[in-house]
Amino acid sequence: MPPVDRNAPKRCDSSDSRVSLMEFMREFPDDATCLEWLWREKWSEDGTHADCPKCEQRRVFKRYATAQRRQSWTCTGCGHHVHPTAGTIFHKSSTSLHLWFYAFYLMTSTRCGLSAKTLEREIGVNYKTAWRMLNKIRNDLMKSDDAPLSGEVEADETAWGGRPRKGDVEKFRRDGEIDLSGAGGRWNAANKTTVFAMVERGGRVRASVVPNRGRRTLHTEIGNYVLPASTIFTDEWKPYLGLEGRYHHRRIRHQENVYVSGDIHTQTIEGFFSNLKRGVAGTYHAVSSNWLQSYLNEYVWRYNHRDDERPQFESLLLRATLR
């Protein structure tokens, strides 16, 4: 066995990790290093020269020590202050940048998500701070763009949420919040939150919380985010009828126990739903419908960046620097 340097451990070539913990700590050892990285990525490639918004020309910037410990660089020409954290999710946050960056690392190092309680224990903040950090990351950095899907696209919807406790059902019925008259008194998909998702075969996925499983809702989602002339694969749910005029529509008949017929199937999107539900059940146990979209953002973002050449940690950091 060849000798190794125990003071400088290296990631094994066979490791599934793209960025190891030791690599993260070497690149970002403290808060000052994180702030310097943010300054160079957003404003100054060489760390000294940047475009001054007040002078409207390229100037030399320096960082001066102040009693307020201001996180800014100052233009030597006009004295204008540039704050690298302005316009980012770090703006006006009293949490250390080092802890923010480590939260990014943890979120992108797990396949099944990261709960606020786990983050609280890992970085030593209170639960409210940990929850706010994760909520900002999911909603501000992981939110899907409006780029349309094309080619071969699978679409499907799923009901979200389990059966409530008996006392809750009785309360909902008494308060008139749900109507079980048409469901034989059962708690079925009509009483749950609906998640609708579409995925390009071999490409990106898009998932969102929708108000219902009706024709108008599903057709609007498909029309907004799938390019015309694409091939749409769905099951035999009746609201999907009528897509033929704008798309090539292929249907698989699950009610007849047919799940794959040549290239006609919805296995890709059902696989995404399976990973989503298992990940949420294992990590978060339950998610309120009020915050469900933010968790969808996280799983969609992770799915869409699964094969990137750039590590997910780096992609998320760079997303945070956009201004």
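## Basis

Contact means heavy atoms within 4.5 Å. By that criterion, and leaving out residues up to four places away in sequence, Phe 104 touches Ile 89, Phe 90, Ile 137, Leu 141, Phe 313, Leu 316, Leu 317 and Ala 320.

This is a predicted model: local features need pLDDT of at least 70, side-chain atom pairs count only at pLDDT 80 or more, and totals for chains, interfaces and linings use all residues. Residues are numbered from 1 along each chain as its sequence is written, and side-chain values use heavy atoms, with hydrogens and water left out.

## Nonpolar cores

A nonpolar core is a set of buried Ala, Val, Leu, Ile, Met, Phe, Trp, Tyr and Cys residues joined through side-chain atoms within 4.5 Å. Buried means under 20% relative accessible area, exposed over 50%, partly exposed in between (1.4 Å probe, protein chains only). The largest such core has 44 residues. Phe 90, Phe 101, Phe 104 and Leu 119 have the most contacts inside it. The elements giving two or more residues to this core are α2 (31-42), β1 (49-52), β3 (73-75), α3 (97-109), α4 (116-123), α5 (127-141) and α10 (312-320). Helices (H or I, at least four residues) and strands (E, at least two) are DSSP runs, numbered from the N terminus. Helix α3 gives the most to this core, with 9 residues.

Two strands pair if DSSP finds at least two bridges between them. Strand β2 (residues 57-62) and β3 pair over 2 bridges. Phe 61 stands opposite Cys 75 in β3.

Axes are lines fitted to C-alpha atoms, for helices over the stretch in contact, and angles run from 0 to 180 degrees between N-to-C directions.

## Five-stranded sheet

Another open sheet has 5 strands, in the order β7-β6-β5-β8-β9, with mixed pairing. The edge strands are β7 (205-210) and β9 (248-251), each pairing on one side only. The twist averages 20 degrees from one strand to the next. Strands β5 (residues 152-160) and β6 (residues 193-200) run antiparallel, joined by 8 bridges. The bridge partner of Glu 157 is Phe 196 in β6.

Helix α7 (residues 215-225) lies across β5, β6, β7 and β8 (231-234), at about 35 degrees to β6. Helix α9 (residues 292-304) lies across β5, β6 and β7, running at about 170 degrees to β7.

## Individual residues

Glu 120 lies in helix α4. It counts as buried because its relative accessibility is 18%. Leaving aside neighbours within four places in sequence, Glu 120 is in contact with Val 125, Asn 126, Tyr 127 and Ala 130.

Most residues other than glycine have a negative phi. Glu 56 has a positive phi, near 60 degrees. This residue is found in the loop between β1 and β2. Glu 56 is exposed, with a relative accessible area of 71%. Lys 92 also has a positive phi, of about 60 degrees, although it is not a glycine. Lys 92 sits in the loop between β4 and α3. At 76% relative accessibility, Lys 92 counts as exposed.
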